[in-house]
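Dear colleague,

Please find the structure below, handed over for your records.

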Amino acid sequence: MKLSTYLKVLAMAVITSSSAASFAADVAPTSPQLSVQLWSIKDDVAKDFEGTLKKLADMGFQGVEFAGNFGPYADDPKGLKKFLDKLGLKASGAHVGFDKFSEENFDKTVAFYKAIDCHYLIIPMDHRAFTAEGAKEVAADLEKVQAKLKPHGMHTGYHNHKEEMLGKEGKTPWDVIGTGTSTDVILQQDVGWTEVAGKDPIDFIKAYPGRTITTHYKAAAPAEGNKENPIIGKDTTDWEALIVANRTVGGTLWLVVEQEVYPEGMTPMQSVEASLKGLQKVIAGMDK
């Protein structure tokens, strides 16, 4: 049996039995689509929002993950949706701070993201989550937000940095968030930061099946002394094993390329394109 066929059969068995199976309505869990976190090229986005997204679509990305900048569409979500449709791009998700879910902001936030068909609203960072005790508070807040989003068919989640992954396995701040929230809350792992913390990202996927709905693929995080090659496919991560875990256990719908370190002589846009090509090469080799 071909590897791709085996993965499809296995993934469907896992995801069908998962309590997070409702996520699978958007994108087939057996073939995660490829997105990019727009923070990777934030200066390009700020200078030329439309031109930058067009370049990303031309590269082969199927989606974009927003990070607060919507160019000329900040107050025109319907216009943004029309523009995304024109490019053939989907909103794979967005990084949204807790403040956007406050009582005064909640309705406006939901209306905007619903208009662009964006269902996954991820908290990008909260310093409270850097300790196990503080992570309990974050988990409680995530649960409150999720309860309010659920009637709208939307999900919140949390994105890690190094600190959430530190400590004894099973008792890290990330584990506190994972065990302290329902399966409706997405655990958006940033594999680059997980590896900087000295942990294997696959272990965390396996610990929380069906909850890595979107995941950040980052070859190198901007950590002091980190000499890892920042281009996917030229680094030391076992991307093939990671993809297998995302497909068969994580219930992953989107692989989100994020670039925070750029090789000398390469622009952020060139770096993102190189990482996309590296990831596409890995996937192509697996699916032969």
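The notes below set out what was found.

This is a predicted model, in which local features need pLDDT of at least 70, side-chain atom pairs count only at pLDDT 80 or more, and totals for chains, interfaces and linings use all residues. Residues are numbered from 1 along each chain as its sequence is written, and side-chain values use heavy atoms, with hydrogens and water left out.

The largest pocket holds about 350 Å³ of space. Its lining comprises 15 residues, of which Phe-70, Lys-100, Thr-109, Phe-112 and Tyr-113 are the closest to its centre. Helix α5 (residues 106-115) contributes the most to this lining, with 4 residues. A pocket is here an open set of points on a 1 Å grid over the protein atoms alone, where a 1.4 Å probe fits, with protein on both sides within 12 Å along at least five of seven lines; lining residues have an atom within 4 Å of a point. Grid points are joined across faces, edges and corners, and the volume is the space filled by probe spheres set on them. Helices (H or I, at least four residues) and strands (E, at least two) are DSSP runs, numbered from the N terminus.

There are 12 salt bridges, each a side-chain nitrogen of Lys or Arg within 4 Å of a carboxyl oxygen of Asp or Glu. One joins Asp-184 to Lys-150, with the closest N and O atoms 3.0 Å apart.

Yours sincerely
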